[in-house]
Amino acid sequence: MLEAQGGLCAICRAAPAVHVDHDHSSGIVRALLCFNCNGGLGQFRDDPVVLQRAVFYLQHHAQEQAIARLVEASAAEADAASRPGEPPVGSQRRPAARGTSTRSTGRTSGARRREQAGEGDA
Ligand SMILES: [Zn+2]
């Protein structure tokens with residue numbers, strides 16, 4: 001089975017397969033998983049419905065954030081256009097002229113959350 005999976009986890013296909021995952025109700029072996037994916041299934045109680053909700057949740061919030069960035073960029077453009085005396089974007093603009101920036105860095109703590117989710121073992 002390890003050879004058939006190329007030595008990699010059957011879910012993420014990136015990390016080494018180190019756990020023999022089995023259906024807890026029937027005991028049937030499903031596949032070999034990495035530490036994090038095996039733990040992740042356990043954290044989600046091996047429930048496909050809950051996992052699908054988690055997928056929807058992540059996609060939904062990624063879309064919300066993308067829309068918020070578009071709205072913010074559009075508002076900044078409109079703001080710049082409403083100030084004819086201001087130099088165009090990209091020219092020598094004083095950083096303090098518009099107060100503190102609320103622009104996101106684009107980083108999220110998602111990577112950390114994913115790591116934490118895999119800490120438990122199934
Ligand atoms: Zn994995």
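Colleague: Is Met 1 buried or exposed?

Modeller: Buried means under 20% relative accessible area, exposed over 50%, and partly exposed sits in between (1.4 Å probe, protein chains only). Met 1 counts as exposed because its relative accessibility is 51%. Met 1 lies in the segment before β1. Bear in mind that this is a predicted model, where local features need pLDDT of at least 70, side-chain atom pairs count only at pLDDT 80 or more, and totals for chains, interfaces and linings use all residues. Residues are numbered from 1 along each chain as its sequence is written, and side-chain values use heavy atoms, leaving out hydrogens and water.

Colleague: And where is Asp 21?

Modeller: Helices (H or I, at least four residues) and strands (E, at least two) are DSSP runs, numbered from the N terminus. Asp 21 belongs to strand β1, residues 19-22. Asp 21 has a relative accessible area of 6%, so this residue is buried.

Colleague: Which residues is Asp 21 in contact with, leaving aside neighbours within four places in sequence?

Modeller: Contact means heavy atoms within 4.5 Å. For Asp 21 the list is Ile 28, Val 29, Arg 30, Ala 31, Leu 33, Asn 38 and Leu 41.

Colleague: What about the whole protein?

Modeller: The pattern along the sequence is β-β-α-α-α, with three helices and two strands. The protein has 122 residues, and 15% of them count as buried. Among contacts between residues at least 6 apart in sequence, 36% join residues at least 24 apart.
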